[in-house]
Amino acid sequence: MQWLNLLTSNFRKEYIEMKRYLPNTLALLLTFYIIFLGAFFGIVFIGDPASFEANVQYSIISVVFWSLTMMTMNFIGFSVITEAMRGTLEQLYMSPMGVWKIMLTRIVGQFALQSVLMVILLFAAMLTSGQWLSLNPVTTIPIILVTMVSMVGVSFMIAGLAIIVKQIQAFLQIFQFVLMGLVFVPLSMAPFLVFAPFVKGVNMVRTVMMENLTLTQLPWSDYGILAANSAVYLVLGLIVFHRCEKIAMQKGLLGQY
């Protein structure tokens, strides 16, 4: 019951902020759409006509997932910075639920809301390009949800860093290009990226949407690798976050900005 109340409260908080600052939300969506347009027209003018459809479909999925991963993995870090700037970070530590639980429910609520925006972006990109992908929600949604677990783990790592050093905006700006590389580079070209967070899940969803596959048509080994990857990064993320909390408390950095 406590978890449900916490999730409901934080979902409402994220929804109210997104609605209150609607111009910023729309600008964010427009930014990602413009990035897709740049990739699309690049394929139109200099791409190989023989593989035009496949390249456009690949770009659509990659831009949408890059947007989703960037907002999800940076979220807790930005949330910590915002709370510190407002002077409310220490108040969160007075909650009996614990900060990590508050941040976890916040990111779940944020992920749900951002997913709606990404669906809008997906349909806008498909309508613009004339390339319609197989959405197959029965297959894609479970894979995306498991993939999200690894994103949450990395987000906690970033949040731990933010608790100690406070200003990490420059790092996050660089990190978004790292995420772009992880999303756009296929596993067939760089198999070692299977050890990176979320890459396996993105590759699986891309395969499902481009080839119209079902859950049973994917190798069971893929699900095992995806689940193990997500579990490892979630555990590592929580360990790093708690360790950074202890360091910040020992050095008296928690309430400083």
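**Close-up views of salt bridges and a helix pair**

A search of the whole structure finds 4 salt bridges, a salt bridge being a side-chain nitrogen of Lys or Arg within 4 Å of a carboxyl oxygen of Asp or Glu. The model is predicted, local features needing pLDDT of at least 70 and side-chain atom pairs pLDDT 80 or more, while totals for chains, interfaces and linings use all residues. Residues are numbered from 1 along each chain as its sequence is written, and side-chain values use heavy atoms, without hydrogens or water.

**View 1. The salt bridge of E83 with R106.** The closest N and O atoms are 2.9 Å apart. The pair links E83 in helix 3 to R106 in helix 5, 23 residues apart; helices are DSSP runs (H or I, at least four residues), numbered from the N terminus. R106 is buried, with a relative accessible area of 4% (buried: under 20%; exposed: over 50%; partly exposed: in between; 1.4 Å probe, protein chains only).

**View 2. The salt bridge of K13 with E14.** Their closest N and O atoms lie 3.5 Å apart. K13 is partly exposed at 23% relative accessible area, whereas E14 is buried at 5%.

**View 3. The salt bridge of D222 with K200.** The closest N and O atoms are 3.0 Å apart. D222 lies in helix 9 (residues 220-250) and K200 in helix 8 (residues 199-211), so the pair ties together parts 22 residues apart in sequence. Both D222 and K200 are buried.

Key: Helices (H or I, at least four residues) and strands (E, at least two) are DSSP runs, numbered from the N terminus.
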